[in-house]
Amino acid sequence: MATVILDAAQSQQCSLLSSKKAKLSERLVTLSPCKLPHPNTQVMPTTTSESSVALTLQGPPSSPYEGATFQLALAMDSKRNIVSALWRTPIYHPVFATDRTLCQCVLAQGPEPEGLRAACIAILVAPRFFQPCTHCTIDMPTWTELHSNATLFRCKAQIKTPGTRPITDSELQPCLKPSPCQASLDLSHFLRSGQYSDVKILAGRTAFRVHRTILAAKSPVLRERFDTQVDH
């Protein structure tokens, strides 16, 4: 066996290292009631591990999304709680959209997959009752349409969302009706009274007092004549 001879300085340094190691071991024993780890093991701090889970939603019956299938990508922590959720499927909706991360206010309604499923279905069935927080990402044109013309929103959601059941004529008919503003705009009064008319059309011996702007909007031929002829 080889013998290593240390000088006084090296011997003193080795003695100090051994003393520090002994004191450190004693300190560890006082800090923790558990036994010291095996000398061949390495103690590392634990970290939170996340796993990806796919969540599938079926479009709820009696909603415009009936028949469609939606996919969400969930990031889960070690306790199986949802850390984040990403909507992956195309949809016509003010809250949900392709590759949009769900707001924490939605996740708070269901921190577990089944709870989140129930929360999303409730928002699909009754989106008007959803109360967005200040951090929510909302599609404002769709949100405004939802609250101003719910019938039109429902028709567009059923048509534009892939996989939904075909829309019926009875469901589509209300969307084709004119809005209240359009229905109340009755121009026949101006035709009968001649009020504000600026053009007179002669048909035989009958003269019609009409309005240049309305005729030009409805007839390209008359619009061209109005552009080329001088008023008499």
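Select Leu172 first: setting aside neighbours within four places in sequence, Leu172 is in contact (heavy atoms within 4.5 Å) with Cys155, Ile159 and Ile167. You are looking at a predicted model, where local features need pLDDT of at least 70, side-chain atom pairs count only at pLDDT 80 or more, and totals for chains, interfaces and linings use all residues. Residues are numbered from 1 along each chain as its sequence is written, and side-chain values use heavy atoms, with hydrogens and water left out.

Leu172 sits in helix H6 (residues 169–176); helices (H or I, at least four residues) and strands (E, at least two) are DSSP runs, numbered from the N terminus. Leu172 counts as partly exposed because its relative accessibility is 28%; buried means under 20% relative accessible area, exposed over 50%, and partly exposed in between (1.4 Å probe, protein chains only).

Next, show helix H4 (residues 140–148) and helix H5 (residues 150–160), whose axes come within 5 Å and cross at roughly 125°. Thr142, Glu145, Leu146 and Ser148 of H4 make the contact with Ala150, Leu152, Phe153 and Lys156 of H5.

Finally, go to Asp77, in the loop between strand S2 (69–76) and strand S3 (82–87). A polar atom of the Asp77 side chain lies 3.0 Å from the backbone nitrogen of Lys79.

Conventions. Polar contact = N/O pair within 3.5 Å; in protein donor to acceptor, adjacent residues only side chain to side chain. Axes fitted to C-alpha atoms, helices over the stretch in contact; angles between N-to-C directions.
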